[in-house]
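Hi,

Here is the model I promised to send over. Have a look at it first, and my notes on what turned up follow below.

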Amino acid sequence: MDFTNKVVLVTGASSGIGAATAKLFASHGATLSLVGRNEARLLQVAKICEDLKQIKPLCLLLDLTMDANCEEVVRKTVEHHKKIDVLINCAGKVSVTSLFDNNMEIFDELMTLNLRLPYKMVQLCLPHLKKTKGNVVNVFGAPLRVRPGFLPFAMIRDALERFTKAGALELVTEGVKMNAVRPGITRTNVLANFNVDDDCVDMVYSKIASAMPNNVIIEPEEIAKTILYAASDTSPNLNGANLIVDGAASSY
Ligand SMILES: NC(=O)c1ccc[n+]([C@@H]2O[C@H](COP(=O)([O-])OP(=O)(O)OC[C@H]3O[C@@H](n4cnc5c(N)ncnc54)[C@H](OP(=O)(O)O)[C@@H]3O)[C@@H](O)[C@H]2O)c1
């Protein structure tokens, strides 16, 4: 798959699946716009990308929970790279909350970042994706069993599944495709960002792995390969699809 002269915008590029995706696209010749908040991590990813094919990514350090920052990402990408061929919606975070909590702060934050943001980014990128007959890939969780504390995630997953399917139908007349890649439990910084101590991360992952059908935690590079495929035109009628990469963990 050749992404030479293709402009690929990756949110969540400073870490985990987004970082692995950025590097894989770079190795396939893509010109990148990378978005995150952690400067050191984003610049490190950008350096690796640049070293692969000597194409310097545009790095944008912005909090995407604010609409003005989303607008800035799209505006600066088009100013700098002149177009957008691919949007990868990969920014997200994990927090625990439930109906037993007495506030809506965490719920609202999760909805804003994990659900509203992909919608907003598609809206903003659409005028540019129409010109390039581009691709959108939404990254969100596989339909695993809902654990206590993760009800908003189940709601977000179902909404994003519908968004991907019905959104693809809305975009198809413009020649723009939208698909989803839905990982099972994947080894990223998600636990650290979830305030799990570094010393405990391995232990937590091995406990989670023991509950998986194949006893493995997925590596982000595997998810990145599926994202690359979904963003390519290898299969022109792959559209509105939810590609689940979870080692059969959701096949209960
Ligand atoms: N890891 C898993 O097991 C798993 C499973 C299913 C689905 N997913 C989904 O995959 C996506 C990537 O997750 P990951 O596991 O790679 O997590 P990660 O390593 O924690 O990376 C999350 C990324 O999102 C960015 N981000 C978070 N809040 C942001 C904000 N307000 N503004 C801008 N960027 C923000 C982070 O940037 P900074 O760190 O620079 O702030 C980081 O680049 C998420 O949507 C997640 O829900 C993950």
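Predicted model: local features only at pLDDT ≥ 70, side-chain atom pairs only at ≥ 80, totals over all residues.

H1 gives the largest share of the shell around the ligand, three residues. (Helices here are DSSP runs of H or I with at least four residues, strands are runs of E with at least two, and both are numbered from the N terminus.) In total, 30 residues surround the ligand, and the closest are Gly12, Gly16, Gly36, Gly92 and Thr188. By class, the shell has eleven nonpolar, 15 polar and four charged residues. The classes are: Ala, Val, Leu, Ile, Met, Phe, Trp, Tyr, Cys and Pro as nonpolar, Asp, Glu, Lys and Arg as charged, and the others, Gly among them, as polar.

Residues are numbered from 1 along each chain as its sequence is written.

Now the helix packing, starting with H1 again. H1 (residues 16-27) packs against helix H8 (residues 220-231) at an angle of about 55 degrees, with the axes 8 Å apart. (Axes are lines fitted to C-alpha atoms, for helices over the stretch in contact, and angles run from 0 to 180 degrees between N-to-C directions.) That makes H1 oblique to H8; under 35 degrees counts as roughly parallel, over 145 as roughly antiparallel, 65 to 115 as roughly perpendicular, and the rest as oblique. On the H1 side the contact uses Gly16, Ile17, Ala20, Thr21, Leu24 and Phe25, and these meet Pro220, Glu221, Ile223, Ala224, Lys225, Ile227 and Leu228 in H8. Contact means C-beta atoms, placed from the backbone, within 7 Å. This H1 to H8 contact has nine nonpolar, two polar and two charged residues.

H4 and helix H5 (residues 151-171) pack at about 10 degrees, with axes 10 Å apart, which makes H4 roughly parallel to H5. Phe107, Leu110, Met111, Asn114, Leu115, Pro118, Tyr119 and Val122 of H4 make the contact with Pro152, Ile156, Ala159, Leu160, Phe163 and Gly167 of H5. Its tally is twelve nonpolar, two polar and no charged residues.

H4 also packs with H3: the two axes come within 10 Å and cross at roughly 25 degrees, so H3 is roughly parallel to H4. Here Asp67, Cys70, Glu71, Val74 and Val78 in H3 meet Lys120, Met121, Leu124, Cys125 and His128 in H4. That contact has six nonpolar, one polar and three charged residues.

Two loop residues may interest you too. Lysine 82, in the loop between helix H3 (67-81) and strand S4 (86-89), has phi near 75 degrees, a positive value in a residue other than glycine. Lysine 82 is exposed because it has 10 other C-beta atoms within 10 Å; 12 or fewer is exposed, 20 or more is buried, and anything in between is partly exposed, with C-beta atoms placed from the backbone. Its C-alpha atom is separated by 9.3 Å from that of histidine 128, 46 residues apart along the chain. Glutamine 54, in the loop between helix H2 (39-53) and strand S3 (58-61), also has a positive phi, near 60 degrees. Glutamine 54 counts as exposed, with 7 C-beta neighbours inside 10 Å.

Cheers

Conventions: Contact = placed C-beta atoms within 7 Å. Near = placed C-beta within 6 Å.
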